[in-house]
Amino acid sequence: MAFNIDNKDDKKESIIIIKNLDKHFGRVKAVNNVSLEIKTGQVVVIIGPSGSGKSTLLRCINYLETPSGGDIWVDGIHLTRKSKDINTVRREVGMVFQQFNLFPHLTVLENIILAQTVVRQRSQNEAVEMARKQLARVGIPEKANVYPEQLSGGQQQRVAIARALAMNPKVMLFDEPTSALDPEMIKEVLEVMLNLAKEGMTMVVVTHEMGFAKNAADRIIFMDGGSVIEDTIPSELFTDPKHSRTKMFLSKIL
Amino acid sequence: MNDTRNSASTQVRLTNTLAGLPWWLLIVTLAGLFMIYSFYTDKTYNSIFGFLKAGLIVTMRVTFISYAIAITLGLLTGLGRVSKNPIIYNVATLYVQVMRGLPILVTILYVSFVITPWLMAQINWVGVSLANINLLSPDNVLAKLGDRSAGLNVDFEVRAIAALSISYGAFSAEIFRAGIESIGRGQMEAARSLGMNYFQAMRHVILPQAIRRVLPPLGNDFIAMLKESSLVSVLGVQDITQLGRLYSASSFEYLKTYNMVALMYLIMTVILSLGVKITEKRLSTDGF
Ligand SMILES: Nc1ncnc2c1ncn2[C@@H]1O[C@H](COP(=O)(O)OP(=O)(O)OP(=O)(O)O)[C@@H](O)[C@H]1O
Ligand SMILES: [Mg+2]
């Protein structure tokens, strides 16, 4: 599904707009003057060497990191330090972490219910129904009443995805969702993500899984040194990278 | 050859098993049983126990009430110690550092003889002022506070409880802080990324996990407080220790009185520390 991101005729609106984003940690410029627009329904994969600022960029989108400069709009809301806006945006943006970060003191079902009742103020019944629906969607409806520690890594990550989906997010952010998994479990998680992409979810995915990028991504971004080096469609990036740094990186991982 | 090795290793195993038994508990129990036996046969012990019974209730009352206030104070202060708000953080830290730097006995004396009279004087002043501008009658409660003849003095047991509470509030604050900090950063991030605010995340995600981890150290704090509550005897509060002092001074039965005093504390602390050990084991088998 090739399309030109600069196409003026593209009717889809941008759900995420990033302008001149900077994030410094002391003297380290983790994100350096990044501008991006992501349209509703797009699946964007971000790749790049370790320390290139992929996670930091992702975490700025839901303000887990406070930007040092620049502006971010999510679904029309300008993110400032105001905690009200931040919490509103976080409600609309689901995030999946490398380390799953399930709540170990709660069962799988309770993990998925908690934010629904506390944040979305859904009734218990509504929340349970939604939780079961999402568990079925990620393929483990039978695990509702176990604790996270009793699950395999792949199952835990699928619960984490279900937990984020239960909030009806408009965007899903994934930060290396399969990097902590044994090879045989990577596939089951990628399958869930592929289905999400097919259903039209807007996704920003940091990953080293080039297979996923080729199959699911509308767009692939290569980052290095905190900057976006290349921003194009996957087939182009893999067959005809424009920058020498991209070529070097691809030659190492492909 | 094989035989001797076998018997040697059996012997080692036996020694290990014997060494591993809780002999100390056996000795304490035997001592306790022996003393309980002598209470029934020995008239002096019997009358000492009768005299100290009232003190047992005072000791328990002081300990329980102080502890309840202390962990409430400690939880709030602990949250202040991990707060990103510089004012809250510094107020909490100042309190913790000051209280941890003072001997508890000094805190008890200070609260009882400096802070309480000062507070009472301030309240009196408000009462007298209000009476002067005819808002209250001249003998209103505020103006009379501190008047012993009117029975409106702050009881020394209350002062003792206040002092123990603020002391132990600081100790348990550090326990709560360590507990909260032991929960990985990812938990807070996951909660926040689901749209929870800081307090919701604390209440539903961080604290439920942290509190499980701090139960054993909090239990040890309770035992420490039970023992340290004996310091309130300097205020004349009639706890076990104070009654023991009174009894021994008038009867000259020092040995038997303090045997009794020591045993009463020991029975309580040994039972409590076994309870803490069991809780610890339970929690460690639970995993997180
Ligand atoms: N909390 C932090 N404090 C200080 N420096 C940080 C922090 N987080 C990230 N950095 C630094 O910012 C830079 C970018 O880090 P980031 O985690 O975004 O990279 P990444 O592309 O996600 O790398 P990886 O592939 O290893 O996850 C690195 O130099 C890192 O050391
Ligand atoms: Mg990263």
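On the chain B side, helix H8 (185-193) and helix H9 (198-228) each give two or more residues, and H8(B) gives the most, with 8 residues; helices here are DSSP runs of H or I, at least four residues, and strands are runs of E, at least two.

The model is a predicted one, with local features needing pLDDT of at least 70 and side-chain atom pairs pLDDT 80 or more, while totals for chains, interfaces and linings use all residues. Residues are numbered from 1 along each chain, chains are lettered from A and ligands numbered from 1 as written, and side-chain values use heavy atoms, without hydrogens and water.

The contact (heavy atoms within 4.5 Å) draws 20 residues from chain B and 22 residues from chain A.

Turning to ligand 1, its shell (residues with a heavy atom within 4 Å) includes A:Phe25, A:Pro49 and A:Glu176. H1(A) supplies the largest share, 3 residues; strand S2 (28-39) of chain A also gives at least two. Oxygen atoms of ligand 1 lie 2.8 Å from a side-chain N or O atom of A:Lys54, 2.6 Å from one of A:Ser55 and 2.4 Å from one of A:Thr56.

Conventions. A polar contact is a pair of N or O atoms within 3.5 Å; within protein, one must be able to donate a hydrogen and the other to accept it, and residues adjacent in sequence count only if both atoms are side-chain atoms.
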